[in-house]
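Work through each task with the structure open before turning to its solution.

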Amino acid sequence: MLLDETPLFDPSLLQELDWSSNTVSFSPPISPSQPGEGLILRPLCTADFNRGFYKVLSQLTLAGDVTPEQFRDHFEHMKKTGDYYVVVVEDTNLGQIVATATLIVEHKFIHSCAKRGRVEEVVVSDICRGKQLGKLLVSTLTLLSRKLQCYKITLECAEKNVEFYKKFGYSPSDETYMQRRFFE
């Protein structure tokens, strides 16, 4: 099974973000093009399966046992739809993924067939917390959703994280989030 460096989406989308419209400050300053010493922010690629992508995801939730074939199949499906933007931060010194977040673009019939962005699976490895990578990921995906002309962007978070997301211009909604789980 070939796991390669082909990106999930065009990396120029990240390079072309208007970082000047970012609403969150960073100290020391970092950006998608300069995330920190030895770090690269980029789209997910299949080779990340062997760079600890699932190890990072498992710090957020149950990631499950996934084979390289399953990962590649899901990756190809996501790439084909063009609506999934999984970004990762790679520590080039370790050769490991240390943070990730996902933007999913939903196509709607409402609002004149508009698009809605949804942020999912924001996680920074416990070995890299405190380096502003969570802020960087959320800022990047927020700006990306705007570039992709989403009419709004949403996310779900625990009550303890509400203040964090408010920094990016997110506000609690009057809508009630409900779920029905079929599998744990």
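**Exercise 1.** Characterise the salt bridge between Arg51 and Glu90, and find what else Arg51 pairs with.

*Solution.* The side chains of Arg51 and Glu90 form a salt bridge at 3.8 Å, N to O, where the term stands for a side-chain nitrogen of Lys or Arg within 4 Å of a carboxyl oxygen of Asp or Glu. Arg51 lies in the loop between strand 1 and helix 2 and Glu90 in strand 2 (residues 84-91), so the pair ties together parts that are 39 residues apart in sequence; helices (H or I, at least four residues) and strands (E, at least two) are DSSP runs, numbered from the N terminus. The model is predicted, with local features needing pLDDT of at least 70 and side-chain atom pairs counting only at pLDDT 80 or more, while totals for chains, interfaces and linings use all residues. Residues are numbered from 1 along each chain as its sequence is written, and side-chain values use heavy atoms, with hydrogens and water left out.

**Exercise 2.** Determine how the buried and exposed residues of helix 3 are arranged.

*Solution.* Begin with the helix itself: helix 3 (residues 68-81) has 14 residues and reaches 20 Å from its first C-alpha to its last, close to the 20 Å expected at 1.5 Å a residue, the expected span being 1.5 Å times one less than the number of residues. Its buried residues are Phe71, Arg72 and Phe75. Seen down the axis of helix 3, they fall within an arc of 95°, so they line one face of the helix; the arc is that of the directions from the helix axis to the C-beta atoms. The face turned away from this buried side carries the exposed residues Asp73, His74 and Lys80.

**Exercise 3.** Identify the residues that Phe53 touches.

*Solution.* Counting heavy atoms within 4.5 Å as contact, and leaving out residues up to four places away in sequence, Phe53 touches Leu44, Asp48, Phe71, Val86, Val88, Ile97 and Thr100.

Conventions. Buried < 20%, exposed > 50% of the residue type's maximum accessible area, 1.4 Å probe, protein only.
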